[in-house]
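This report describes a protein together with an RNA strand. It begins with the contacts to the RNA and then turns to the protein itself.

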Amino acid sequence: MLSLLPEILLRKKMEIVLKEKIKEAVKIIYNSEVKDDLIQIQETRKDFKGDFTLVVFPLLRFSKNTPEKTGEMIGQYLKDNFDAISGFNVIKGFLNLEVSDAWWVDFFGKLSLEKNHLESCLVSDPETILVEYSSPNTNKPLHLGHIRNNLLGYSLYRILSGVGHKVIKTNIVNDRGIHICKSMLAWQKFGNGETPESSGMKGDHLVGKYYVLFEKNYKIQVEKLIGEGMAEEEAKNAAPLMRETRDMLLKWEAGDNEVVSLWKTMNSWVYAGFDETYRKLGVDFDKIYYESDTYKVGKEIVLKALKENILYRNEDSSIWADLTPEGLDQKLLLRSDGTAVYMTQDLGTAVDRHKEYNFDKNIYVVGNEQNYHFQVLKALLRMMGYQWSDGLIHFSYGMVELPEGRMKSREGTIVDADDLIKEMQMTAMEVSLELGKLSDFSEDEKHEIFRKIGMGALKYYILKVDPKKNMTFNPAESIDFNGNTGPFIQYTYTRIKSVFRKAEQMGINVDNALYEGAQTGQKEIELIKLMRNFSETVTTAALGYSPALIANYCYELAREYNQFYHDFSILGESDEQVRNFRITLSKVTSEILYTGMWLLGIEMPERM
RNA sequence: GGUUCCGUAGCUCAGUUGGAUAGAGCAACAGCCUUCUAAGCUGUGGGUCGCGCGUUCGAGCCGCGCCGGAAUCACCA
């Protein structure tokens, strides 16, 4: 259980103190001891007057009175005995408590002094957490699905390290296996020595081209065999290309020079391509694992478990686990020809990692299509006696679909990551140029801004959705920069920055704007209330692995600020105290927006 | 068929220990720039929260049963 540090207590203080006061009230008025969980305090809904609301229904057993009367009694007690409460009203069974403006302003004063708004979110018991994300295959370029994966993984890293954990970003590269051999074989057969240099193609795209070429020719062979009267399953196995691929995999595992050399060359092309895409996405890794290393560890583990009779060998000498006692199925761990499967290497990777980092948690950012795989992985490790398998967490996120349905390589509907990134930045450029606010910037500066806006739009669009859910990626909608979007939040931020530039011109010191005794309005209080929720949102996001909570929070704060900005003049305010108060309000808003977006891996431009 | 997940406005999504009259954005329509950035703000319309039963003072949220959809159950990864 998470214990609260003093910083978060500050933010939660009102609820905690209120609870104590209400317990006191019930004790004095009704002579009863109340348990904590019967005192339900929530923020008052906007359509009612008040700041905090006590749900009185659970207390009726003590008052033996109507909800209205009970609310009245407790409300009156609080008003009389608690300075911060300036008034109350009772509607049905809800006691709405009004907190004095002075309390809010005082709270905001403390908030504005925080150097880093994440301090209030720090956990008291930091853990060592590995976050594995991206996990590409080296036979194809990255696509939209990988983008969601990378953005979620990276944001998770920011959030978890932001609240104080020691986080290691890892990537496991799927650089071996039958699928890799397919591209290699196709290149050997049809490539005529083509390289990224000779073709001018990005390496990962070039290799992907040969993978597609393989599938195309393989399909023709299979159809031909079926036409000759062979059953489909048999034809798939008997097709010459498939046999050659399997041979190649055997040679690879045996360390055949020619095959290994080709493999190294083609992989290096792919890595160069991936590095470029990662750089554009703004993600990176502390440690990269290669399955070409870990599958060996996996094999050893499997063979050891076989000796211990945890696994069994089939007649054809393939090795299996019987997971039926766990409610799962039989699982193959080594093929009859002795080669490893996906699960084998994942076993090896997990054991390797635990040896190296002794992690508390190992979070796998992997799509929900692999839910079963991770259920099996955990069960296997448990079976084999690895206690730490409890720390394996499958961060299972939903698929990205297009308005017309799933992406299908067959139908050419795969959204390529590089294309998409480029398109978003182009759109940002078009919109910016049309609005024409950046005419005094150099070309380089402008492009840096377009990049931030384009990526901000893309990242926010994807991260605002609950990771667990499948999402629809609507291209037309994703390039809309109005409403609940990344650019909307960036825009709010740049507006504040713009105010500060103006303030500077006017000779006003933004960092030290004193506002003692400033009169506040309802809108200002609303903003303070929202800002108060930041640390709790981040904490919940960290515990629930949900960047979406932070995204939606940022949106809400930006929307609230924009209303404030629209309704009130900041620098034009004649009362200096009020003006300074609004300046500080703007400053803290910009800080929180910046930090929130930072947790999502989204950069903020200073102007747009 | 087994397992897991999902179903909220025309569309995309919020709605976290069960709480008041279920919220945003997009799209449509009507307004607001001599003012700190209109990528903004305001307003209007739009809902049997898939259906039914149950638990509860109270259910979008919890339980059971249906209906609809997705994923998975490979000697693929």
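In this predicted model, a polar side-chain atom of arginine 406 lies 3.0 Å from a phosphate oxygen of RNA strand B. Residues are numbered from 1 along each chain as its sequence is written, and chains are lettered from A and ligands numbered from 1 in the order in which they are written. Local features need pLDDT of at least 70, side-chain atom pairs count only at pLDDT 80 or more, and totals for chains, interfaces and linings use all residues, while side-chain values use heavy atoms, with hydrogens and water left out.

**Surface near the RNA**

A phosphate oxygen of RNA strand B is also approached by arginine 495, with a polar side-chain atom at 2.4 Å. Glutamine 40 instead places a polar side-chain atom 3.0 Å from a base nitrogen of RNA strand B. Sugar or phosphate accounts for 63% of the atoms of RNA strand B within 4 Å of the protein, and bases for the rest.

There are 68 residues around RNA strand B, and Asn174, Asp316, Lys437, Ser498 and Phe568 come nearest; a residue is near a strand if one of its heavy atoms lies within 4 Å of it. By class, the surface near RNA strand B divides into 27 nonpolar, 25 polar and 16 charged residues. In this division Ala, Val, Leu, Ile, Met, Phe, Trp, Tyr, Cys and Pro are nonpolar, Asp, Glu, Lys and Arg are charged, and the others, Gly among them, are polar. Helix α18 (residues 486-505) gives the most to this surface, with seven residues.

**Overall architecture**

Chain A contains 22 helices and 14 strands; helices (H or I, at least four residues) and strands (E, at least two) are DSSP runs, numbered from the N terminus. The C-alpha trace of chain A spans about 90 × 65 × 45 Å along its principal axes. Of its 608 residues, 54% count as buried, where buried means under 20% relative accessible area, exposed over 50% and partly exposed in between (1.4 Å probe, protein chains only).

Chain A is divided into domain 1 (6-99) and domain 2 (177-282), with bounds that come from an automatic or database domain assignment. The centres of these two domains, taken over C-alpha atoms, are 68 Å apart. Among contacts (heavy atoms within 4.5 Å) in chain A between residues at least 6 apart in sequence, 74% join residues at least 24 apart.

**Salt bridges**

Side chains of opposite charge can pair when their charged atoms come close. The structure holds 37 salt bridges, each a side-chain nitrogen of Lys or Arg within 4 Å of a carboxyl oxygen of Asp or Glu.

| arginine 532 | glutamate 15 | 2.2 Å |

Arginine 532 pairs with glutamate 15. Because arginine 532 lies in helix α19 (residues 522-532) and glutamate 15 in helix α1 (residues 6-30), the pair ties together parts that are 517 residues apart in sequence. Arginine 532 is buried at 4% relative accessibility, and glutamate 15 is buried at 16%.

Lysine 46 is exposed, with a relative accessible area of 58%, whereas glutamate 560 is buried at 5%.

Glutamate 524 is buried at 1% relative accessibility, and arginine 582 is buried at 8%.

**Two buried polar residues**

Asparagine 171 lies in strand β6 (residues 166-173) and is buried at 1% relative accessibility. Its side chain joins that of tyrosine 278 in a polar contact of 3.3 Å; such a contact is a pair of N or O atoms within 3.5 Å, and within protein one must be able to donate a hydrogen and the other to accept it, while residues adjacent in sequence count only if both atoms are side-chain atoms.

Threonine 520 lies in the loop between α18 and α19 and counts as buried at 17% relative accessibility. The side chain of threonine 520 makes a polar contact of 3.4 Å with the side chain of aspartate 101. The C-alpha atoms of threonine 520 and alanine 102 are separated by 8.9 Å, although the two residues are 418 residues apart along the chain.
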